[in-house]
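Colleague: Could you walk me through one part of this fold, step by step? I am new to reading models.

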Amino acid sequence: MYILGINGGFRPGYQDVSTVLIRDGVVVAAIEEERLNRIKHSPGKLPYYSVLHVLKIANIKTTDISILAFHGITWGIDIEEKLNDYFTNYFGYCPKICRYHHHDCHAISASIMSEFKTALTFTLDNSGDGISFQVSKFEKNKLETIYRSPRPHSLGIFYSLITQYAGFTRDNDEYKLMGLSSYGDKNRFDFSFLINVINGTIKLNEEYIQPLLPNQPGSHRDEMLYSQNFIQKMGKNKRIKDLTGEIDVFYKDVAASAQNYFEKYLLSLIEYYVQLTGITNICLAGGAALNCVANQKIMNFHLIDNLFIQPA
């Protein structure tokens with residue numbers, strides 16, 4: 001049986017469009033759309049060239065596909081109608097559509113690839129299906145959800161907000177903020193006014209961010225995540241790029257302090273759920289986990305026996 005898994009969406013907030021083809025539980029081919037159309041992230045698109053590519057590799061047609069797997073389980077029934085129209089229009093046929101929760105997709109892919117028999121799987125990102133953070137127990141190739149944090153209570157949103165404030169493009173340049181953090185003073189700024197983690201739960205202070213409800217579509221990366229209250233609290237406007245390329249020490253310290261908070265809170269979340277469950281094999285997945293995590297600190301964390309981080 002062939003399963004075609006796709007990622008993407010019709011609005012600009014959806015990105016990293018990709019396609020994977022699976023035959024009887026084995027991956028045959030997988031590729032991101034940007035590798036073929038040369039548009040970074042391919043925002044606001046559904047896969048086209050990547051679908052053709054994996055079908056060509058397997059030497060099959062869309063009519064050979066049994067299931068079209070898609071995320072967006074909370075998006076409403078109309079998305080299936082749109083997917084059906086899209087595949088019928090571009091490929092002449094639409095297989096049976098099965099939708100799955102965004103964070104379950106992150107979690108199961110990391111858990112299975114880890115080859116752990118039992119694991120705690122943490123997924124962190126801006127948000128998907130209204131959720132920004134999920135903890136799951138993986139056992140016997142099945143997931144059991146332990147906890148979900150609704151948007152906007154998110155380490156990913158926190159990190160993207162700081163990325164934007166430091167003069168970079170959010171949902172794109174988080175790796176630049178991580179790099180910049182090595183040049184600053186990690187103790188200069190106290191971000192506890194903005195985010196806290198207590199007893200395994202994340203709390204983002206909504207006074208300092210633009211309104212973000214769990215059921216809203218993802219915002220465009222050019223839209224501001226922070227409110228004017230945040231600017232007033234920091235005492236300085238966001239960094240504006242200039243031709244010199246120089247970055248003021250203020251923003252280097254912002255980056256370092258944010259990185260420090262991210263690492264501290266992620267470790268506290270891991271510690272809480274390890275102690276709660278007794279499971280010491282850990283899997284990490286999702287955009288925030290991949291772009292922002294300090295791998296060495298987590299690998300050396302005394303409560304963890306084994307760590308698997310889903311490859312980007």
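Colleague: How many bridges join strand E6 to E7?

Modeller: Keep in mind that this is a predicted model. Strand E6 covers residues 118-128, and E6 and E7 run antiparallel. The number of bridges joining E6 to E7 is eight.

Colleague: Which residue in the hairpin of E6 and E7 takes a positive phi?

Modeller: Look between the two strands, where this hairpin has two residues. The phi there is near 55 degrees, and the residue that takes it is Asp-129.

Colleague: Nice! Which residue of E8 does Phe-133 stand opposite?

Modeller: Start with strand E8, residues 142-150, which pairs with E7 in the antiparallel sense over eight bridges. E7 and E8 also form a hairpin, with Lys-140 in the turn at a positive phi of about 55 degrees. Across this pairing, the residue opposite Phe-133 is Ser-149.

Colleague: Is Ser-132 buried or exposed?

Modeller: Ser-132 sits in strand E7, where seven of the nine residues are buried. Buried means under 20% relative accessible area. Ser-132 has a relative accessibility of 1%, so this residue counts as buried.

Colleague: What is the distance from the backbone oxygen of Asn-126 to a polar atom of the Ser-132 side chain?

Modeller: Leaving out residues up to four places away in sequence, Ser-132 touches several others, including His-103, Thr-123, Ser-149 and Ile-157. Asn-126 is also among them. From the backbone oxygen of Asn-126 to that polar side-chain atom of Ser-132, the distance is 2.7 Å.

Key
Residues numbered from 1 in each chain as written. Predicted model: local features only at pLDDT ≥ 70, side-chain atom pairs only at ≥ 80, totals over all residues. Heavy atoms only, no water. Buried < 20%, exposed > 50% of the residue type's maximum accessible area, 1.4 Å probe, protein only. Helix = DSSP H or I, 4+ residues; strand = E, 2+ residues; numbered from the N terminus. Pairing = 2+ DSSP bridges. Polar contact = N/O pair within 3.5 Å; in protein donor to acceptor, adjacent residues only side chain to side chain. Contact = heavy atoms within 4.5 Å.
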